[in-house]
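Have a look at it first, then read the points in order.

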Amino acid sequence: MRILLDECVYAGVKAAFPGHAVRTVSEISWRGSEDGPLLAYAQKSFDVFVTIDTKLERQHDLKRLRLGVVIVHVRSNEIGSYRPIFAALLKAASTVKAGQVVHIHISS
């Protein structure tokens with residue numbers, strides 16, 4: 001599975017996806033890109049897009065994409081906020097279908 005982490009996601013989250021090809025927006029030199037062109041590129045080269053941008057779903061018609069989107073709701077963009085949900089992230093990325101959006105919330 002090919003996974004793209006949005007630039008707003010802590011890069012250490014790559015560790016949640018062992019055995020998968022995970023890149024960050026910065027690694028592919030798309031940092032600072034507008035969401036529309038980034039999503040158009042991502043759907044050609046990746047299977048899943050992971051973001052913490054909760055506005056993305058309201059601003060774009062994600063159902064038309066040829067990749068799945070995982071929106072992560074964390075308290076802060078630090079690795080400690082993500083570690084408790086690594087298993088949920090992996091499951092969501094493994095099961096999300098093209099044009100589908102899955103939300104992952106950290107338990108209180």
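1. Helix α1, residues 35-45 of this predicted model, has D35, L38, L39, A42 and Q43 buried. These residues span an arc of only 130 degrees around the axis, so they sit on the same side of α1. Among what covers them are β1, β3 (48-51) and α2 (56-59).

2. Next, turn to the strands. β1 (residues 2-5) and β2 run parallel and are joined by four bridges. Across from T24 in β2 you will find L5.

3. β2 itself, residues 21-24, has side chains that alternate.

4. Neighbours within four places in sequence aside, D6 is in contact with V25, L38, F49, V50, T51 and D53.

5. Now for the nonpolar cores. The largest one has 22 residues, and I3, L5, V13, F17, V50, V70 and L89 have the most contacts inside it. Two or more residues each come from β1, β3, β4 (68-73), α3 (79-82), α4 (86-95) and β5 (101-105). With four residues, α4 gives the most to this core. Apart from this core lies another, of 14 residues, including L39, F46, F49 and L67.

6. Finally, which residues does V70 touch? Not counting residues up to four places away in sequence, V70 touches V48, F49, V50, T51, L89, A92, A93, V96, V102 and I104.

Terms used:
Residues are numbered from 1 along each chain as its sequence is written. This is a predicted model: local features need pLDDT of at least 70, side-chain atom pairs count only at pLDDT 80 or more; totals for chains, interfaces and linings use all residues. Side-chain values use heavy atoms; hydrogens and water are left out. Buried means under 20% relative accessible area, exposed over 50%, partly exposed in between (1.4 Å probe, protein chains only). Two strands pair if DSSP finds at least two bridges between them. The arc is that of the directions from the helix axis to the C-beta atoms. Contact means heavy atoms within 4.5 Å. A nonpolar core is a set of buried Ala, Val, Leu, Ile, Met, Phe, Trp, Tyr and Cys residues joined through side-chain atoms within 4.5 Å.
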